[in-house]
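Please keep the sequence and the model in view while reading.

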Amino acid sequence: MLNHENLLALAKTVAKADSSAPVAYSWNGQSLSYDALNETLRQEFNELAGTYALYRENRNTIFSIIEEVLDDVLPKKVVEQYSDFAEVQTFKQGDKPIFRRKLNGSKRAKQFITRVGLAGIYEVFKLSAGTESFEVPTSAIGGAAQIGLEEFLDGRVDFAEVLDTVMTGMDELVYKEVAQALKASINQLPANNTAVVNGFDEQAFDTLLTIVSAYGVPTIYCTQEFAVKMIPQQAWRYTEAMKDELWKTGRLAQYKQYKVVILEQGFEDETNSTKVIDPGYCWILPTGADSKPVKIAFEGNTIVDEFQNADRSREVQVYKKVGVVAMLANNICAYVDTSLVGQMKTWNLSGYKTVKDYGKA
C-alpha cells in the first residue's frame, strides 16, 4: 500500500492524464497507460475503503487527497480550457483576488469590467500610477457525485470515477460563469463593436473584423451552432479543401484567413436537454492583446465532505471559491445572431421512436 505522498502523486497523475489518448505516462519509474494508472489508483483506494469499516476509518485521508488533487488540477484544467481568452490565478484564503494590468500608451484599449453574481452586475475598478487594478469577488461553487453504498462496497463505483465526475462538473460550472459574464458585459461595448442581426450577415461580421484588426490579428470564438452558419456566400471562393472541410465538419476552421475557435458546449445535467453556452453569441478578440478579457480567481482550498441520504446512499460534495469577471475593451467585438440567442434547449426528439420502441407489438 502506498504512503500518502505517493498516493497523492498517483492521484494527481491520473487526474491530469487524458483517458482517450493512447500514450504512456511516467509514474514511480514506470511507463503506464491511462487504464493501468487508473486501475492502480482504484486498487489503492480499495485498500483504504474496500469495506464500509475501512471507509469510515480512512475517510479523512481520502477526502484530503481529493482536496489536494482538485487544488492542483482544477486550475490547470480551467487554464487548458480557457487559455486563449482567460487569465487564471489562485489566491490564498482571505487574500483579496486582485488582478493588475500595466498602462501602456495611447493605443491602450479602454476597458469595462463586469461581474455577474448573486448581488447582480457591478463594477470594481481602481487606478494607480502606471497600473490599473481590480478585485474579483469570489463565491462558492460546488459539484457533487452520489455514490450508492452497495455499489461502492462491491466495486462497481470507485473514487477515481468520483474524482473525474466532480472535477468535470466543477469545470462546467466555471465555464457557465465565463459565458454568463461575457454575455452580461456585451452592453458595455461601444455601439460600433456589436452587431445584432437575425442570422449571419457577412458584411456586418466583416466590419467587426476590421475594427478588431486595428488592435491585432482577430481570432473568432463561437459555438459549433454559430460556426456552421458563418460561411461566405459566394461559391467561387470555395477551394476543394474548403469543400472537403465543410463536408467533414459542417464549418470552416478559418474565416477569411482568421482562426475560428469552437467553444465547447456543455449541458446542465445528464438529460442533455439544456445547454450551458448560449449559441447566439460570437466573440472576436485580437490575438496577442495586452490583456485577456476574462479573469478567473480561485480562492482558498477545496473542501470535500459527504452527506448520507435517507436511503443510505452517500453523496460526496466538493466546494471551491471561484470568481469570474469579464473585462471587455474597445478592441473586442461581439456578433449576436438573434435567431440563435436563447436557444438553450436541444432538439426535441420525443416524436421519434427510440431503440426501446422497436420490437414492440
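A residue is called buried when its relative accessible area is under 20%, exposed when that value is over 50%, and partly exposed in between.

The model is predicted, and its confidence deserves attention before any detail. The average pLDDT of the protein chain is 76, and 76% of the residues reach a score of at least 70. Over residues 104-128 the pLDDT stays under 50, although the model has 67 contacts beyond four places in sequence for this stretch.

The interior may be considered next. In soluble globular proteins, nonpolar side chains tend to be buried together. Here the largest nonpolar core comprises 64 residues, and F85, V174, W283 and I296 are those with the most contacts inside it. Helix α3, residues 52-82, supplies the largest share of this core, 11 residues. Another core lies apart from it and has 20 residues, including F205, L208, M230 and Y258.

When neighbours within four places in sequence are left aside, V174 is in contact with V78, Y82, I141, I296, F298 and V322.

A pair of aromatic rings is described by the distance of the centres and the angle of the planes. The count for this model comes to 9 aromatic pairs. In one of them, the ring centres of F200 and Y335 are 5.9 Å apart and the planes stand at 40°; since an angle between 30 and 60 degrees falls in neither the stacked nor the edge-to-face class, the pair is tilted. F200 belongs to the loop between β10 (194-197) and α6 (202-213), whereas Y335 belongs to strand β17 (residues 333-337), so this pair ties together parts that are 135 residues apart in sequence. F200 is buried because its relative accessible area is 15%, a value under the 20% cut-off. Y335 is buried as well, with a relative accessible area of 0%.

Y335 also pairs with F226, in an edge-to-face arrangement with 5.6 Å from centre to centre and 80° between the planes. This pair again links distant parts of the chain, as F226 lies in helix α7 (residues 224-227) and Y335 in strand β17, 109 residues apart. Through ring pairs, F200, F205, F226, Y255 and Y335 are linked into a cluster.

Which side chain does the side chain of K320 meet in a polar contact? K320 is located in strand β16, residues 314-329, and counts as buried because its relative accessibility is 2%. Its side chain makes a polar contact of 2.6 Å with the side chain of D71. Leaving aside neighbours within four places in sequence, the contacts of K320 are D71, S139, A140, I141, M170, F298, G300, N301 and T302.

T219 is another buried strand residue: it is found in β11 (residues 217-222) and has a relative accessible area of 8%. Its C-alpha atom is separated by 6.2 Å from that of V260, although T219 and V260 are 41 residues apart along the chain. Not counting residues up to four places away in sequence, T219 touches K259, V261, W283, I284, L285 and T287.

The loop between β12 (254-255) and β13 (258-262) contains K256, and Q257 is found in the loop between β12 and β13 too. Phi of K256 is near 50°, a positive value in a residue other than glycine. Phi of Q257 is likewise positive, near 80°, in a residue other than glycine. K256 counts as partly exposed, at 30% relative accessibility, while Q257 counts as exposed, at 58%.

The buried residues of α1 are L7, L8, L10, A11, T13, V14 and A15.

Notes. Residues are numbered from 1 along each chain as its sequence is written. Side-chain values use heavy atoms; hydrogens and water are left out. A nonpolar core is a set of buried Ala, Val, Leu, Ile, Met, Phe, Trp, Tyr and Cys residues joined through side-chain atoms within 4.5 Å. Buried means under 20% relative accessible area, exposed over 50%, partly exposed in between (1.4 Å probe, protein chains only). Helices (H or I, at least four residues) and strands (E, at least two) are DSSP runs, numbered from the N terminus. Contact means heavy atoms within 4.5 Å. Rings of Phe, Tyr and Trp (its six-membered ring) pair if their centres lie within 6.5 Å; planes under 30 degrees apart count as stacked, over 60 as edge-to-face and the rest as tilted. A polar contact is a pair of N or O atoms within 3.5 Å; within protein, one must be able to donate a hydrogen and the other to accept it, and residues adjacent in sequence count only if both atoms are side-chain atoms. pLDDT is the predictor's confidence in each residue, from 0 to 100.
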